[in-house]
Amino acid sequence: MGDARTLLVPDGLDGERIDAALARLFGLSRTKAADLALAGKVTVNGIPVSKSGRVRGGDVLDVTLPAVTPGSHVEIVAQPVPGMGIVHDDDDIVVVDKPIGVAAHASVGWTGPDVVGGLAAAGYRISTSGASERQGIVSRLDVGTSGLMVVAKSEYAYSRLKRAFKTRQVHKTYHALVQGLPDPMVGTIDAPIGRHPGHDYKFTVSERGKPAITHYEVIEAFRAASLLEIGLETGRTHQIRVHMAAVRHSCCGDPLYGGDPRLAARLGLERQWLHAVGLGFEHPGTGEWVTFTSPYPADLDHALEVLAADH
């Protein structure tokens, strides 16, 4: 049994090899994509193809994605995540470029796709203990935040990375487009964050909250907004969004925390302009310092183009 999918090949993949196209479209590893083609699970315009065959824009691609055998700790719902990129993969870790609309892991009330299920559907084996639905997850991104996440594939890697995040030895770099121009243009926001007293799903600066420290620097100032580079010392839920709202510079496209819906509409934003652009840490297997980067998705690029045109 498997998950049958049919889709048109986008023009941007014109001329790509089958295994590369499948990897891009479904977040599969190149090896898993090649195995599917070899097993006759892939057709283009109704004709079976090999891993080295080429696709053309507009081709009808039929793929039967593999069902996933439940692991020893939990049965993960395997759900392919189109657009989820694999930035790096080895025996210890897999670094994911997460699109918007995707959760880090399954949770109560969430019925959409998640990174753990996407990796399972793509054939990645995550062998860690802990909360089963969170297998390998050492840090999270909000559903509406895109960018880099690292997932541990082994118990050893999981324990090493968890410790690194807890002791703040991981460099996490975000870019955020915020309303107005922060003053000073380089600064630190040190304010505890806790749950909002009136809304379970919302957070706020609170004396009873947990310590939270955000460093920011203005990269580019536009007429209505500013592009910031942000470094986090802590990793509280919604930290950047809460802290920027607290200094009256809400993330563009973030109405939950004070974002102006009129500006969001003008920029074509349907989510907060917030992207995890960089990740650096000591590799749990080799001990070497490794760094990864992620480009802006199309919707965030478009918003910057609109602002630049206003100058």
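Modeller: A residue is called buried when its relative accessible area is under 20%, exposed when that area is over 50%, and partly exposed in between. The model under discussion is a predicted one.

Biologist: What makes Thr214 buried or exposed?

Modeller: The relative accessible area of Thr214 is 0%. The cut-off for buried is under 20%, and Thr214 is therefore buried. This residue lies in strand E12, residues 213-221.

Biologist: How do you know which side chains make polar contacts with Thr214?

Modeller: The criterion is a pair of N or O atoms within 3.5 Å, one able to donate a hydrogen and the other to accept it. The side chains of Thr214 and Gln239 are joined at 2.8 Å, and those of Thr214 and His243 at 2.7 Å; both pairs count as polar contacts.

Biologist: Why is helix H5 described as largely enclosed?

Modeller: Helix H5 covers residues 239-246, and six of its eight residues are buried, so the rest of the structure largely encloses this helix. The buried residues are Gln239, Ile240, Arg241, Val242, His243 and Met244. After H5 comes Arg248, with a positive phi near 65°.

Biologist: Why is Leu181 called partly exposed?

Modeller: Its relative accessibility is 44%. Leu181 lies in the loop between strands E8 (171-179) and E9 (186-190). Together with Met185 and Val186, Leu181 forms a nonpolar surface patch of about 280 Å² accessible area.

Biologist: How many aromatic pairs does a search of the whole structure find?

Modeller: The search finds two.

Biologist: What makes the pair of Trp273 and Tyr296 edge-to-face?

Modeller: The ring centres are 5.0 Å apart and the planes stand at 75°. Pairing needs centres within 6.5 Å, and edge-to-face needs over 60 degrees; the pair of Trp273 and Tyr296 is edge-to-face. Trp273 lies in the loop between H6 and E14 and Tyr296 in the loop between E15 and H7, so the pair ties together parts 23 residues apart in sequence. Trp273 is buried at 0% relative accessibility, whereas Tyr296 is partly exposed at 22%.

Biologist: Why is the pair of Phe281 and Phe292 called tilted?

Modeller: The centres are 5.9 Å apart and the planes 35°. Stacked requires under 30 degrees and edge-to-face over 60, the rest being tilted; the pair of Phe281 and Phe292 is tilted. Phe281 is in strand E14 and Phe292 in strand E15, so the pair ties together parts eleven residues apart in sequence. Both Phe281 and Phe292 are buried.

Methods. Residues numbered from 1 in each chain as written. Predicted model: local features only at pLDDT ≥ 70, side-chain atom pairs only at ≥ 80, totals over all residues. Heavy atoms only, no water. Buried < 20%, exposed > 50% of the residue type's maximum accessible area, 1.4 Å probe, protein only. Helix = DSSP H or I, 4+ residues; strand = E, 2+ residues; numbered from the N terminus. Patch = residues over 30% accessible without salt bridge, like charges linked within 9 Å, V, L, I, M, F, W, Y side chains within 5 Å. Areas by Shrake-Rupley, 256 points an atom, 1.4 Å probe, with all protein chains shown as cover. Salt bridge = Lys/Arg side-chain N within 4 Å of Asp/Glu carboxyl O. Phe/Tyr/Trp six-rings, centres within 6.5 Å; stacked < 30°, edge-to-face > 60°.
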